[in-house]
Amino acid sequence: MLDADIKSYFDRIDHDKLMLLVEQRVSDRRILKLIRKWLKAGVMEEGKLRQSLTGTPQGGVISPLLSNIYLGVLDKLWQKHCTYLGNLVRYADDFVVVCRTKKDVQHAYKAINLILKKLALDLHPEKTQLVNLWEGTEGFDFLGMHHRRIKQQSRYGHAYTVTVQRPSDKATRRMRDRIREELKPRNRLFVEMGELVKKLNPVIRGWRNYYKLPLSEPYLRKLDYHILIRFTIWYNKKQQIKKRHINMPLVNEKLRQLKLAKLVY
């Protein structure tokens, strides 16, 4: 399969090509004029206005919609000419192509390059890779999940392979960083534990709802333990106790009473 990444996608969207595609969907001149002004408004960076002739501001409220319209060309051309090579799965600028053979993957790579050239875009040479899923030695990250094929055995002793998912390492690091940002700053020592629990519960529940898959439990348990450690460190600092990990059972009981959400029940 092909794990693709477009080089500097949001910075390189051609305004003229984009507006031609938008005009195929929108006929209201006032809306079209508003979109053109929005594209040319520029971005504030460190107090300075930076004008741009290409691209859409990453993080802008309308950027995901415009990016989907722009790459809709890729979807249509692939559906029309290239489905025999494999299945294209795309979310915004992140996409993969699942193929049957290595030869099909190589042809898919060339076909996507040709389509992206029409859009004044390129695949990132270092982040785009060909992944061999069949041997189970390689996997790929997509939409926060790490996907990999593993061998399993049925209750009758028959061996088969299945594609499984777990939280990606990058997503796990982001979650750990989020917990650290909420509990590490010194000004959090003046906040009650209950307030911190209320703030973190929606984050933990959202993570659990997205990543709770059959083989994710060991990874989610590690994150639960990490959250307990961070709360223990916070509690000991608040109580001016030098030992970082002491009182963990006490903190665990307090969190249980305050109904801290768990990734694994």
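I take buried as under 20% relative accessible area, exposed as over 50%, and partly exposed as in between, with a 1.4 Å probe and protein chains only. The model is predicted, so I keep local features only at pLDDT of at least 70 and side-chain atom pairs only at pLDDT 80 or more, while totals for chains, interfaces and linings use all residues. Residues are numbered from 1 along each chain as its sequence is written, and side-chain values use heavy atoms, without hydrogens and water.

Entry on Thr-172. I found Thr-172 in helix α6; helices are DSSP runs of H or I with at least four residues, strands are runs of E with at least two, and both are numbered from the N terminus. Thr-172 has a relative accessible area of 18%, so I log Thr-172 as buried. Setting aside residues up to four places away in sequence, Thr-172 touches Pro-167, Trp-207 and Leu-223, where contact means heavy atoms within 4.5 Å.

Entry on His-124. I placed His-124 in the loop between α5 (102-118) and β6 (129-130). His-124 counts as buried because its relative accessibility is 17%. Beyond neighbours within four places in sequence, I list Asp-5, Ile-6 and Lys-7 as contacts of His-124.

Entry on Leu-133. I located Leu-133 in the loop between β6 and β7 (139-142). Leu-133 is buried, at a relative accessible area of 14%.
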